[in-house]
Amino acid sequence: MTDRDIAFHRPSLDAREVEAVREVLASGWLTTGPRVREFEREIAALVGSGHAVAVNSCTAALHLALEAVGVAAGDEVIVPTMTFAATGEIVHYLGARPVLVDSVPDTLNMDPDDFARRITPSTRAVIPVHYAGHPCDMDAIVEIARRAGVRVVEDAAHALPARYRGRMIGSIGDLTAFSFYATKNLATGEGGMLCTDNDEWEQRARLMSLHGLSRDAWRRYASDGSWDYAIMAPGFKYNLSDVLAAVGSVQLQKLAGFQERRRAIVARYQAAFGDLDAVECPAERPEVEHAWHLYVLRLRLERLDIDRNGAIEELRRLGIQTSVHFIPLHMHPYYREAWGFGPEDFPVAFAASQRIISLPLYPAMDDEAVERVIGAVREVVLGHRRPGAF
Ligand SMILES: *Cc1c(COP(=O)(O)O)cnc(C)c1O
C-alpha cells in the first residue's frame, strides 16, 4: 500500500480523544470505573434501552447475552450463515449448536421464513445480524420467536445507530450487542455494549462480565466494604477499561456527524453506480434508517468477463483497498468439516458471497477519495463488460 492508496478503513480520531485518554491516565484510575458508567448511560440513552453493560468486545456481549437467557449444552441457537465468525463461535462457547439460516436476496439479512422452518423443541435463541447496518425484518423475526418461546439476541455490530419502523436498534429484541471494534461506526479499538430492558439479564450479564463477583455481596458481607468479595458464579473477564470508555464518549458526541458523512458518501456512490447495468447497488427498505456501516456492491457476473476476486485485484492495482463481508459461515473449513455443509446448502448467501465487494466507506474519506473510488470502480466494471451482454 502506498500513500496514494485509498485505505479500506481509517479511524476518525483527533485531539479530543487524545485529551480524554490523557485525563483518564492522569486520574490514576485505569480499569472499569466512572468513565465506563458514564459511557453505559450515554449508549442506553441513545438506543432507548433500560440498561447497558459495557464489555471489551461485541463477541463478549453476545456470549453474555446467551448465558443470561440460559443457553446451555444441547440447546440450539439460530444464526445467519452470512455473518462474521463471532456470531457462530459464541454458541459453541456454551456447548450449544449453531443452526444456520439463509439470507433474503435484497438486504442479505436473515430470512424469517428460513428461520421459522429451522426451529425445533431445542431452539433457545435466535441471533439476527443487521448486515452492513441495514436492520433485519424485526417484526417478523420477533413474532416468530415469541410464538416459539425463542429469545431474540441481536448482533448489532454494524447497526449503531439504526432504526426499524421508527424504533432504535437496541430497544427491540430481548438483548442487543454492539461493537466498538476499530473499524465500526463508533470505535474505541476494542469494546462492546450489551443492551436490554430486563433487570435480571442485566444483572446476570454484569455479574458474569467480571469473574462472577457480586457487588451486592460486597455490600452484604464486608464490614467496611473495601476488601471482601464473593464469587457467585464462575464468570468471565470481559469488563471495559475507563481509558477506552472515555474514547467512546468522545466518539459518541461525533456520531451524528459521522453518520451524516456516511450518508453523503453513500449518496455519491448510489448516483455514480446507478447507471452501471453490471453491478447491483445496496438497497435500503423504506421502513428503516440504515447505519451504513458497509457499502456492499454486488457484481452481475453474467454481464462481466471478470470474477469478484479479479475485480478486487484490479481495484487494488488502481490504489483502492476493498474487502468482502462475508465468506458465509457454512463455507469455512470448520463448519464444512464439523457439520458437513456444502456451498449450496444456503443458496442465497452462497450466490451473494461470490459477487460482493465492500467499498471504502468512512467519515475520514474526503471528496477526492470518494471520487477516486468511483472512478476506479467504473473503470473496472466498464472495462470488463461482456460484449454479448445486453
Ligand atoms: C465486528 C463484528 C462482530 C464482533 O465484534 P467485536 O467487537 O470485534 O467482538 C460481531 N458480529 C459482526 C457481524 C461483526 O461485524
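Predicted model: local features only at pLDDT ≥ 70, side-chain atom pairs only at ≥ 80, totals over all residues.
Local features required pLDDT of at least 70 and side-chain atom pairs pLDDT 80 or more, whereas totals for chains, interfaces and linings use all residues. Residues are numbered from 1 along each chain as its sequence is written, and side-chain values use heavy atoms, without hydrogens or water.

Helices (H or I, at least four residues) and strands (E, at least two) are DSSP runs, numbered from the N terminus. Helix α1 spans residues 15–27 and has 13 residues. Its first and last C-alpha atoms are 18 Å apart, close to the 18 Å expected at 1.5 Å a residue; the expected span is 1.5 Å times one less than the number of residues. Glu17, Ala20 and Val24 are the buried residues of α1. Buried means under 20% relative accessible area, exposed over 50%, and partly exposed in between (1.4 Å probe, protein chains only). An α-helix has 3.6 residues a turn, so residues three or four places apart point the same way. The face turned away from the buried side carries exposed Ala15, Val18 and Ala26. The cover over the buried residues of α1 includes α2 (34–47) and α9 (242–273).

Aspartate 14 caps the N-terminal end of α1. One of its side-chain oxygens lies 2.8 Å from the backbone nitrogen of arginine 16. Glycine 28 follows α1 and has a positive phi, near 85°.

Threonine 123 belongs to strand β4 (residues 123–126). Threonine 123 is buried, at 4% relative accessible area. Its side chain reaches the backbone nitrogen of threonine 120 at 2.8 Å.

The largest nonpolar core has 41 residues. A nonpolar core is a set of buried Ala, Val, Leu, Ile, Met, Phe, Trp, Tyr and Cys residues joined through side-chain atoms within 4.5 Å. Ile43, Val126, Phe178 and Met193 have the most contacts inside this core. Apart from it lies another core, of 36 residues, among them Ala60, Ala125, Trp201 and Phe346.

The ligand is surrounded by 16 residues, each with a heavy atom within 4 Å of it. The closest are Thr59, Asp155, His158, Ser179 and Lys184. A side-chain N or O atom of aspartate 155 is 2.7 Å from a ligand nitrogen. For histidine 158, a side-chain N or O atom is 2.7 Å from a ligand oxygen. A polar side-chain atom of lysine 184 lies 3.2 Å from a ligand oxygen.

Technical notes: Contact = heavy atoms within 4.5 Å. Polar contact = N/O pair within 3.5 Å; in protein donor to acceptor, adjacent residues only side chain to side chain.
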